[in-house]
Amino acid sequence: MKLRLKQILESALSDIRNASSKEALESARVRYLGKKGELTSILRGMGSLSAEERPAMGQIANEVRAAIEKALEEAAAAIERHAFDARMERETIDVTVPGKKPAPGKKHPLNIVLDELCDIFTGMGFSIAEGPEVELDYYNFEALNIPKNHPARDTQDTFYINDNIVLRTQTSPMQIRTMEKQKPPIRIIAPGRVFRSDAVDANHSPVFHQIEGLVVDKGVTMGDLKGTLEIFAKKLYGEDTRVRFRPHHFPFTEPSAEMDMMCFKCQGEGCRLCKGEGWIEILGCGMVHPRVLKTCGIDPDVYSGFAFGIGLERIVMRRYKIDDMRLLFENDARFLSQF
Ligand code: DAH
């Protein structure tokens, strides 16, 4: 029996040594220590030994059992360690490999120039107001002194949601919305998207952008209007920029004007860029009509104001020498990535 125990121990240790996985170890354990295992059956046979033999044999059998258990434990730990090392090896990260560069987006040229305009006006004490693109007929026309059937509506045909709701044709409704909820002094600009049912060509788009301006206070004069807009032109185009004001008509201002800047290419001589005029129109403006003030609950005998509307696309096109407005809206990344 002693010999048999020795053989079991040797064969068990050798099996354990050769087990290279958890599963192989487990089957070795079952083979020797399991219920039907080889060592177990020997221990069961101890009953047939004499009383003198039994304690010594028992002790040897227990030692064998302990040795096998210890070997199993050590082998299990070794297998685990190997698996861990292999995983570490597999998951090694080479931190010196160059990363994948994300392609950062760029500001759209319309936004580059818009941000610049906002900086210029906020620098002069204006704050920025925003309002809805889907607008009531009342704000877009009626309250701006453009009643139904007024001929001024012809040039601003738009998209109708219904008889009373339109896509705004101008940012001027922001004048009304601002004066309705804010008492003078008022000094705001309102940039935003506007809509007209114009066919698309190099100079027209049914969607474009304007920046509205409004100043209302006691004693505001045409001189303030001219000074403010002249400073704006100089900040945008340079100190030697020259501007002129030409009488015009807008229903919501009186008097009204358009501001032109001297063509920077020909210095007023007349060239292709300015279509022989020598001057280029940049905005519409005027003194807020007393009727518009009254509509908004502001007493025109106490307060006066001026307003202006700038078309953003034209300024952007001139700045970057873009000759087709469609390029600004097609969103071709090859075009936009240049700015
Ligand atoms: N809303 C006008 C347009 O779209 C532009 C304009 C002209 C705005 C004169 C003004 C203004 O505020 O005073 O044609």
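Reply: Go ahead. Keep in mind that the model is predicted.

Me: What is omega for the peptide bond that joins glutamate 254 and proline 255?
Reply: Proline 255 is placed in strand β8, residues 253-262. The bond joining glutamate 254 and proline 255 is cis, and its omega is about -5°.

Me: Is asparagine 145 buried or exposed?
Reply: Asparagine 145 belongs to the loop between α6 (137-140) and β3 (160-162). Its phi is positive, about 70°, although asparagine 145 is not a glycine. Buried means under 20% relative accessible area. Asparagine 145 has 15% relative accessibility, so it counts as buried.

Me: Is asparagine 331 buried or exposed?
Reply: Asparagine 331 lies in the loop between α11 (327-330) and α12 (333-336). The cut-off for exposed is over 50%. The relative accessible area of asparagine 331 is 52%, so this residue is exposed.

Me: What is phi of asparagine 331?
Reply: Most residues other than glycine have a negative phi. Asparagine 331 is a residue other than glycine, yet its phi is positive, near 60°.

Terms used. Residues are numbered from 1 along each chain as its sequence is written. This is a predicted model: local features need pLDDT of at least 70, side-chain atom pairs count only at pLDDT 80 or more; totals for chains, interfaces and linings use all residues. Side-chain values use heavy atoms; hydrogens and water are left out. Helices (H or I, at least four residues) and strands (E, at least two) are DSSP runs, numbered from the N terminus. Buried means under 20% relative accessible area, exposed over 50%, partly exposed in between (1.4 Å probe, protein chains only).
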